Amino acid sequence: MNTQKGRVNRHRTFQTLVPAAPARFIEVYAKLTEYNGAGPASICGRGCSFFGEPLGRPFGGGQRTTRHMNIAKKPLWTEASAAPGTIGKSVIDCIGNTPLLRLERVGPNYPNVEFYGKAEWFNPGGSVKDRPALEMIREAESSGQLKPGQTILDATSGNTGIAYAMIAAALGYRVKLCLPASASEERKKILKAFGAELVFTPGDEGSDGAILRAREIIAAEPGKYFYPDQYGNPGNWRAHYKTTANEIWEQTAGRITHFIAGLGTSGTFVGVTRRLKELNPAIRCISLQPDASFHGLEGWKHMATAIVPGIYDAKLADANLEVGTEEAYRLVKRAAREEGLLLSPSAAAALEGCFQVAASLGPDERAVIVTIFPDSGTKYLSERFWDEV
Amino acid sequence: MAVKVLIPTPLRQFTGKQSSIECNAATVAEALGSLTGTFSELRKHLFTEDGKIRSFVNVYLNDEDIRFLDKENTRTKDGDTISIVPSIAGGSRRAGK
């Protein structure tokens, strides 16, 4: 019976065994288990210690372990080691430094080409938009455009709205978003969860109706709001110039030969391209657009027929390619099943653009192609393409 | 049956900038067929090569998504309005009601 009890206890977590253990102790304990790749039983089975003090016998029972560790005798907390703000990260600190994913299975036709995608869904708001939203807010704070007590107001029902709502909550600002009533319930719920105030505009007026409503609200009470305007705000592309581009450069150890990204506000492509061209002018930067004005690639713009964003610089791209909606949908399914990557349609469209570039290379030409995956497929699971394409 | 078909902004370049088209149709399929018969450029934007409505194109009869009615075979009556809405605005008109 005792043996049975001991075996069960070996699989308990440390917090279960020592519920009152100080946070610092638990953190170091977690590192020990991480480095050793082992749980509590095996560490302590080797005669473990903590700051030079024996921790006692291998874990076999909660009470006995607590007594032997006798942690109360050794002061683990000091003013210097546990000053507020020195441990952990704020949610704002977690924006950026996203992983660069290596795609290993979906591009077998191009053995000389390496494909990489920045997995922007690792940002805390779930998309690449955390970067420009934070930069625009920080720049506005520095310039005095955004002051304590003001409300951030914009027209968006997409990832930018979620980024504003999350960052505003974390920084203590209120946020008000104008969005078409036709926006999905799921997105409305995410925005509401972060405490955003939502102003609904008629669904048949689309995003234009939401933009006009936002402008009306600001005109009525101009001092009350900060309007970031991601389409015309240079902070949008500067976020990528300062962060995304340098991350790509470092994560590829400067080996990147091609950068490829879809155009929406154009902030990602403009900012990353400007910085990469400074680091190595030989890097080819290729922008992507939907192949028609009527398309299903959320976040992308067909520049020939859409209102062109103020921050867009058409001279930057070495080439511009087009991607079809259905090609992207098919690749969403392939990437999920062959790479274990749940991409959004726009992320899959970016990858499709990478394949187009790879196909245009000479047979012996080597390339390191990097693109941006703006978000994951989790917000698109109810789309019909999963069953129809 | 006289029905009105609302044209989304990105497709108005193919309808001579008209935002709505009136036609006679007994079903949604007939209305869309009439529309693409008059404005042939619209066909490839609304339908796949095998004639199905593209998967990002949502069609509503008045405020109801035809997927929840009788799909393309949904019957129309005088004065009905058919809307064509791409799903990329983040959802459906139904959800917004």
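**Chains, helices and sheets**

User: How many helices and strands are there in chain B, and in what order do its elements run from the N terminus on?
Analyst: Chain B contains three helices and five strands, where helices (H or I, at least four residues) and strands (E, at least two) are DSSP runs numbered from the N terminus. The model is predicted, so local features need pLDDT of at least 70 and side-chain atom pairs count only at pLDDT 80 or more, while totals for chains, interfaces and linings use all residues. Residues are numbered from 1 along each chain as its sequence is written, and chains are lettered from A and ligands numbered from 1 in the order in which they are written. From the N terminus on, the elements of chain B follow the order β-β-α-α-β-β-β-α.

User: Which strands are the edge strands of the open sheet of chain B?
Analyst: Five strands form this open sheet, with mixed pairing, in the order 2-1-5-3-4; two strands pair if DSSP finds at least two bridges between them. An edge strand pairs on one side only. In chain B these are strand 2 (20-24) and strand 4 (64-65).

User: Which residue is the bridge partner of Val5(B) in strand 5 of chain B?
Analyst: Strands of a sheet pair through backbone hydrogen bonds, either parallel or antiparallel. Strand 1 (residues 2-6) and strand 5 (residues 81-86) of chain B run parallel and are joined by three bridges. In strand 5 of chain B, the partner of Val5(B) is Ile82(B).

User: At about what angle does helix 1 of chain B run to strand 2 of chain B?
Analyst: Helix 1 (residues 28-38) of chain B lies across strand 1, strand 2, strand 3 (57-61) and strand 5 of chain B. Axes are lines fitted to C-alpha atoms, for helices over the stretch in contact, and angles run from 0 to 180 degrees between N-to-C directions. The angle of helix 1 to strand 2 of chain B is about 120°.

User: What percentage of the residues of chain A count as buried?
Analyst: Chain A has 14 helices and twelve strands. A residue is buried if 20 or more other C-beta atoms lie within 10 Å of its own, exposed if 12 or fewer, and partly exposed in between, with C-beta atoms placed from the backbone. In chain B, 36% of the 97 residues are buried. For the 389 residues of chain A, the value is 41%.

User: Which residue in strand 4 of chain A is the bridge partner of Leu100(A)?
Analyst: An open sheet of chain A has six strands in the order 3-4-12-9-10-11, with mixed pairing. Its edge strands are strand 3 (100-103) and strand 11 (319-323), and the twist averages 25° from one strand to the next. Strand 3 of chain A is joined to strand 4 (residues 113-119) of chain A by four bridges, and the two run antiparallel. Leu100(A) has as its partner Lys118(A).

User: Why is strand 10 of chain A largely enclosed by the rest of the structure?
Analyst: Strand 10 (residues 284-290) of chain A runs parallel to strand 9 (residues 258-262) of chain A, and five bridges join them. Gly262(A) stands opposite Leu288(A) in strand 10 of chain A. Strand 10 of chain A is largely enclosed because, of its seven residues, the number buried is six.

User: Is Gly107(A) buried or partly exposed?
Analyst: Gly107(A) lies in the loop between strand 3 and strand 4 of chain A. Leaving aside residues up to four places away in sequence, Gly107(A) touches Val113(A), Phe115(A), Phe355(A) and Ala358(A); two residues are in contact if their C-beta atoms, placed from the backbone, lie within 7 Å. Because Gly107(A) has 18 C-beta neighbours inside 10 Å, it counts as partly exposed.

User: How is helix 10 of chain A set against helix 11 of chain A: oblique or roughly perpendicular?
Analyst: Helix 10 (residues 234-251) and helix 11 (residues 267-279) of chain A pack at an angle of about 50°, with their axes 7 Å apart. Helix 10 passes helix 11 of chain A in a right-handed crossing; a crossing is left-handed if the near helix is turned anticlockwise from the far one by less than a right angle, and right-handed if clockwise. Angles under 35 degrees count as roughly parallel, over 145 as roughly antiparallel, 65 to 115 as roughly perpendicular and the rest as oblique. Helix 10 and helix 11 of chain A are therefore oblique.

User: How many charged residues has the contact of helix 12 of chain A with helix 13 of chain A?
Analyst: The axes of helix 12 (residues 325-338) and helix 13 (residues 345-359) of chain A come within 8 Å and cross at roughly 95°, which makes these helices roughly perpendicular. Ala, Val, Leu, Ile, Met, Phe, Trp, Tyr, Cys and Pro count as nonpolar, Asp, Glu, Lys and Arg as charged, and the others, Gly among them, as polar. The contact of helix 12 with helix 13 of chain A has nine nonpolar residues and no polar ones, and its charged residues number two.
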